[in-house]
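Here's a quick briefing to read alongside the structure. It goes through a pair of helices and then a sheet.

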Amino acid sequence: MYSKCGSVLDAHKVFSNMPQRNVYSWTAIISAYADSGQGEKAINLFQLMQRTGLAPDKVVFVVVLKACASLAALEQGKQLHSDIIKRGFQSDVIVGSTLVDMYAKCGCTDDARELFNNMSERNVVSWNAMIAGYAQNGLGKEALALYKQMKQEGVQPNNVTFVVLLKACASLAALEQGKQLHSDIIKRGFQSDVIVGNTLVDMYAKCKCIEDARELFNYMSERDVVSWSAMIAGYAQNGLGKEALALYEQMKQEGVQPDIVTFTCVLSACASLAALEQGKQLHFDIIKRGFQSDVIVGSTLVDMYAKCGCIEDARELFNYMSERDVVSWSAMIAGYAQNGLGKEALALYEQMKQEGVQPDNVTFTCVLSACAHSRLVDEGRYVFDSMCKDHDVTPTKEHYACMVDLLARAGCWADAELFINKMPIQPDSVVWMTLLGAARNHGHVEIGRRAFDLVVKLEPKNAAPYVLLSNIYAAAGRNDELAKIRNEMKDAGLKTIHGCSWIEVDNQVHAFVVGDATHPQILAELDRLAGLMKEAGYIPDLSFVLDDVEDEEKEKALCKHSEKLAIAFGLISTPPETTIRIKKNLRVCGDCHNATKIISKIVRREIIVMDANRSHHFKDGFCSCRDYW
């Protein structure tokens with residue numbers, strides 16, 4: 001009773017004062033610790049029970065195996081397996097299923113599968129354990145193949161089966177298999193199950209079918225806080241921050257209380273839009289509900305403030321966190337990287353190590369990115385080398401891409417190409433796109449063309465490399481080649497992603513797309529600024545307009561880039577001296593970067609533009625990136 005009411009301490013007091021204890025008493029107290037997430041104590045108590053001479057039964061073995069699984073305590077699990085065989089419990093279907101689960105959760109999927117194959121009896125729990133084992137270890141295809149075998153053997157899936165399989169589909173973005181599962185769910189009458197419904201929403205969102213996810217969400221017969229969080233997360237993950245925030249408001253209006261997961265999802269939406277005021281309101285709500293001490297919420301708040309360009313607020317929050325894990329440190333390092341503060345990122349990385357926190361893959365990606373954006377070439381090389389030598393972290397494709405970015409961005413072309421040639425893994429499209437982007441920044445035509453050819457070979461349906469190479473040709477004045485590449489893109493039926501920028505004014509997020517001419521007041525403000533900018537020495541860079549039109553039309557097109565529209569709206573909608581924060585979905589172009597520097601000096605305001613690569617803080621005619629982005 002005390003255990004199930006969450007009072008393990010009281011449960012242990014009663015247990016300690018029992019004049020006589022049997023296997024059921026021991027099982028009760030071991031379960032109390034295991035269920036409360038204290039697996040180590042559960043295992044220690046089991047060992048103490050054995051020393052008293054009591055023979056464990058099947059139930060206590062199942063409890064302790066679950067504790068081993070929660071801790072990924074493989075050696076203790078293997079010892080339990082040996083004891084189970086000695087006592088003849090291995091043929092029990094519940095014990096066997098729990099062993100499969102334990103091995104899978106310890107990452108030993110081959111051992112789990114061998115045990116599963118040799119089980120004398122299997123029920124739906126056994127199949128679920130093995131399917132979940134594959135899914136949890138990133139083997140979604142194997143999970144789906146096992147489900148097919150399960151159906152062939154006539155075993156009826158339950159709601160747990162479908163939840164696990166839908167998660168596997170979500171991780172693979174396997175839409176067709178997800179739709180087939182949806183059909184099976186309807187046939188078997190599980191669609192009204194709220195957990196299954198939540199997982200379906202999540203699967204469709206992760207497969208980028210956000211409208212299907214919303215339709216499913218709307219028609220759910222029952223919705224809990226997980227349902228709302230799944231849909232909000234779906235919007236945030238698909239770049240629809242405005243919709244995520246609107247749904248959060250609807251959730252509150254319907255009286256559904258947000259939980260920790262909800263707050264992390266909505267904070268991510270605020271970060272994606274640089275919606276600082278709404279982020280601050282969420283922070284206030286988090287404090288009211290007592291969630292600020294949660295390490296995940298705290299880390300997400302740090303991330304939100306950093307992505308809104310408030311790096312000092314992010315650091316202050318980080319400093320006062322009562323608990324910090326590797327995610328917290330990585331979030332703060334990423335914040336410095338995003339804002340071009342490479343030296344600060346490196347200093348925090350060193351402090352992290354001094355405090356005994358082991359950096360992981362994500363940490364190294366953040367540190368290397370910080371070095372790349374701050375031209376810290378030698379420091380980046382050192383970090384990359386120490387990742388393997390000192391921290392036993394195997395570089396991933398993200399780390400290799402960061403190193404290529406570091407070298408190529410700094411103009412170390414020979415080193416960058418030598419590094420690519422020596423990579424122990426095959427360079428993917430991200431690596432070649434990184435090299436192509438650096439070639440665009442430096443106007444390096446030959447390297448840009450080579451990188452372009454390799455990207456297109458790997459991703460023939462991606463329009464981005466065509467745009468980058470077009471920029472290179474336009475800047476170099478190679479009009480014939482520019483026309484040729486534009487025709488190739490047209491023949492391939494590829495369409496570019498339109499530039500979009502967001503600005504928050506009076507707690508509302510306003511979106512602007514490139515070429516928008518529907519706001520007379522904004523266009524009038526841009527005309528006013530254009531005159532002042534030219535007086536200040538601004539010369540439009542027409543190479544950033546790829547359309548084959550007259551120079552006058554190109555100049556008008558540049559004027560309607562999305563970030564300029566958002567800046568103009570901010571200027572006419574906010575009081576003087578107010579900082580203007582803009583979020584853009586693409587990298588800011590060179591013309592807009594130069595124009596924004598001049599605008600910041602003319603209007604005497606700080607303008608922060610968070611683009612797809614980093615944050616730019618414009619003030620008094622200068623940018624924090626020092627024109628290195």
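Helix H10 (residues 159-172) has 14 residues and spans 20 Å from first C-alpha to last, close to the 20 Å expected at 1.5 Å a residue. Keep in mind that this is a predicted model. Here's the rundown, starting with that helix.

**Helix H10**
- The buried residues of H10 are Thr161, Phe162, Val163, Val164, Leu165, Leu166, Ala168, Cys169 and Ala170.
- Those buried residues pack against four helices: H8 (124-136), H9 (140-152), H11 (175-187) and H12 (194-206).
- After H10 comes Ala173, with a positive phi near 55°.

**Helix H11**
- H11 has 13 residues and reaches 18 Å between its first and last C-alpha, close to the 18 Å expected at 1.5 Å a residue.
- Leu175, Gly178, Leu181, His182, Asp184 and Ile185 are buried in this helix.
- Their cover includes H9, H10, H12 and helix H13 (210-218).
- Gly189 follows H11, and its phi is positive too, near 75°.

**The sheet**
- Six strands make an open sheet with mixed pairing, in the order E2-E1-E3-E4-E5-E6.
- Strands E2 (508-513) and E6 (622-623) sit at the edges with a single partner strand each, so one side of each has no neighbour in the sheet.
- E4 (residues 607-610) and E5 (residues 615-619) pair antiparallel over four bridges.
- Ile607 has Phe618 of E5 as its bridge partner.

Methods: Residues are numbered from 1 along each chain as its sequence is written. This is a predicted model: local features need pLDDT of at least 70, side-chain atom pairs count only at pLDDT 80 or more; totals for chains, interfaces and linings use all residues. Side-chain values use heavy atoms; hydrogens and water are left out. Two strands pair if DSSP finds at least two bridges between them. Helices (H or I, at least four residues) and strands (E, at least two) are DSSP runs, numbered from the N terminus. The expected span of a helix is 1.5 Å times one less than its number of residues. Buried means under 20% relative accessible area, exposed over 50%, partly exposed in between (1.4 Å probe, protein chains only). Contact means heavy atoms within 4.5 Å.
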